[in-house]
Amino acid sequence: DSVVIDTFVDGYTGYNVVAYKPGTIYPERQVVVGGHFDAVSNSPGADDNGSGTAGVLEVARVLKDLESPATLVFIAFDAEEAGLVGAHHFASTAYENGDRILLMQNMDMIGNWENDYYAAVHYGPEDAYAQWWNDLGQKYAGITGIMSGGSARSDHYAFQQNGYDVCFCIEEDFSNYYHSERDSIQYISFDYMTRMVKASLATVYGASQGP
């Protein structure tokens, strides 16, 4: 229903791109799915994080015409590589505004070609959504989540620090080429990436259905 540019200044001007799909029953409750679109300066950023950005866009494409009781928020974050700057800006603003975010599903590095059946699943103090992602991933996508505790290395962490539930699923076998000039689609498994997106899509849609 609306796409906005969320501008922030932190030594330079950055831009989050945010799309809102208002909920039909609980519009004040939000489910956020996001991934950062920036890459380090010497890298094409295919896996880190073209894969996650494409995943967010695909979840938005699939859900755009489906009714969701809670509001869905799709975000392409800027300046993750500079220290989660865009995510900190958005999550802190949401907290200050009293926004009720049920879940932040983070999509970052979901395509490395050396993966097939497993993903690392990170979470905050509560792991219910992470366990749910694992259940849905096994049922619908043929991916088993390895419950991997907390992580401060991606955009979800900014939401966790503001008290929101988070789920961060990343390739189990980590790319050898991220943050390098060799991070290209040559080393992306689009089958694995598709199934990672399916698992997150199911989790996000399920979370939007009720309290």
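## A first question

Does Asp191 count as buried, exposed or partly exposed, and at what relative accessibility? Asp191 counts as partly exposed, at 47% relative accessibility. Here buried means under 20% relative accessible area and exposed means over 50%, with partly exposed in between (1.4 Å probe, protein chains only).

Before going on, a word on what you're looking at. This is a predicted model, where local features need pLDDT of at least 70 and side-chain atom pairs count only at pLDDT 80 or more, while totals for chains, interfaces and linings use all residues. Residues are numbered from 1 along each chain as its sequence is written, and side-chain values use heavy atoms, leaving out hydrogens and water.

## The overall picture

The protein chain has five helices and eight strands. These are DSSP runs numbered from the N terminus (helices are H or I with at least four residues, strands are E with at least two).

The C-alpha trace spans about 45 × 45 × 35 Å along its principal axes. A compact globule of 211 residues would have a radius of gyration near 17 Å, and the 16 Å of this chain agrees with that. That radius is taken over C-alpha atoms, and the globule rule is 2.2 Å times the number of residues to the power 0.38.

Of the 211 residues, 53% count as buried. Now take contacts (heavy atoms within 4.5 Å): among those between residues at least 6 apart in sequence, 82% join residues at least 24 apart.

## Inside the cores

A nonpolar core is a set of buried Ala, Val, Leu, Ile, Met, Phe, Trp, Tyr and Cys residues joined through side-chain atoms within 4.5 Å. The largest one here has 32 residues, and Val59, Trp133 and Met196 touch the most other members. Several elements give two or more residues to this core, including β3 (26-36), α1 (46-63), α3 (128-140) and α5 (190-207). The largest share, eight residues, comes from α5.

Zoom in on Val59 and ignore its neighbours within four places in sequence: Val59 is then in contact with Val33, Phe74, Met107, Val197 and Leu201. There's also a second, separate core of 15 residues, with Phe90, Ala91, Ala94 and Ile101 among them.

The expected span of a helix is 1.5 Å times one less than its number of residues. Which residues of α2 are buried? They are Val85, Gly86, Ala87, Phe90, Ala91 and Ala94. These buried residues pack against β1 (2-9), β2 (13-21), β4, β5 and α4 (156-161). Just after α2, Gly98 takes a positive phi of about 75°.

Helix α5 has 18 residues and reaches 25 Å from its first C-alpha to its last, close to the 26 Å expected. Its buried residues include Tyr192, Met193, Met196, Val197 and Leu201.

## Salt bridges

A salt bridge is a side-chain nitrogen of Lys or Arg within 4 Å of a carboxyl oxygen of Asp or Glu. By this rule the count comes to five. In one of them, Arg61 pairs with Glu58, with the closest N and O atoms 2.8 Å apart. Arg61 and Glu58 are three residues apart in helix α1, which means about one helical turn separates them. An α-helix has 3.6 residues a turn, so residues three or four places apart point the same way. Both partners are partly exposed: Arg61 has a relative accessible area of 49%, and Glu58 has 32%.

Now back to Asp191, which forms a salt bridge with Arg195 at 3.0 Å between the closest N and O atoms. Asp191 and Arg195 both lie in helix α5, four residues apart, about one turn of the helix. Salt bridges that share partners join Asp116, Asp191 and Arg195 into one network. The side chains of Arg195 and Asp116 meet at 2.7 Å, N to O. This pair links distant parts of the chain, since Arg195 is in helix α5 and Asp116 is in the loop between β5 and β6, 79 residues apart. Arg195 counts as buried, at 13% relative accessibility, whereas Asp116 counts as partly exposed, at 32%.
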